[in-house]
Amino acid sequence: MRTDLRLIGDLIEPRASVLDVGAGDGSLLEFLVHDKQVDGRGLEIDPDGVRLGVAQGLTVIQGDANTDLADYPTGAFDWIVLSRTLQTTRDPADVLQQLVRIGRRAIVAFENYGHWRARLGLLLRGRAPGRAGAWWENPNIHPCTIADFLELCASRNITIERAITVGPLGHVRDGKLPSAHANMLAEQAVFVLKQS
């Protein structure tokens, strides 16, 4: 399982209700349902991802975080998870507001575009940072850094309860807020949020 998904799985207590937005192939949801006995649901935009999840016996529906989160009632889940999906949304601020409305707690994980390797690659090669492949194949339309995310949460009055960053060689730092150097050194970030 990806590092961010493993960290998210560790945060969620057994038998909680969970909505995994951008469930992908269902690997996190499958772990949570089978190993932690959560009441888990998935929302996935890609029909192939929905089929993979359903084939594993999971409850996954096709939907779009950009539009469909507004249909969920306030406080419907203990946890709502958004991993590597916020940066692919049209309006990340609105999606973030919906997450903290729908879940008692929200977990948001993303790749940090402020990491030193991304900066160095842009400086030396003059190429946009991102996942493997060509820049035009990258699904991220709003790449952000940890500093950008902190600013977004502050502007929307969203409380950060916990920040977990993953640095070089998989070094994990867990605290109330990211360290002062996390924006430069962390490759990934996982935040636990709630509505203020």
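Helices (H or I, at least four residues) and strands (E, at least two) are DSSP runs, numbered from the N terminus. The structure described here is a predicted model, in which local features need pLDDT of at least 70 and side-chain atom pairs count only at pLDDT 80 or more, while totals for chains, interfaces and linings use all residues. Residues are numbered from 1 along each chain as its sequence is written, and side-chain values use heavy atoms, with hydrogens and water left out.

**The sheet**

Eight strands form an open sheet with mixed pairing, in the order β3-β2-β1-β4-β5-β8-β6-β7; two strands pair if DSSP finds at least two bridges between them. At its edges stand β3 (60-62) and β7 (172-175), each of which pairs on one side only. Strands β4 (residues 77-83) and β5 (residues 103-111) run parallel and are joined by six bridges. Within β5, A109 is the residue opposite S83.

**Helices on the sheet**

Contact means heavy atoms within 4.5 Å. Axes are lines fitted to C-alpha atoms, for helices over the stretch in contact, and angles run from 0 to 180 degrees between N-to-C directions.

| Helix | Strands | Angle |
|---|---|---|
| α3 | touches β2 and β3 | about 160 degrees with β3 |
| α6 (residues 146-155) | lies across β5, β6 (158-166) and β8 (188-195) | about 5 degrees to β8 |

**The largest pocket**

A pocket is an open set of points on a 1 Å grid over the protein atoms alone, where a 1.4 Å probe fits, with protein on both sides within 12 Å along at least five of seven lines; lining residues have an atom within 4 Å of a point. The lining of the largest pocket comprises 27 residues, and G22, A23, G24, E44 and T85 lie nearest its centre. Elements giving two or more residues to this lining are β1 (17-21), α2 (27-35), β2 (39-44) and α3 (47-55).
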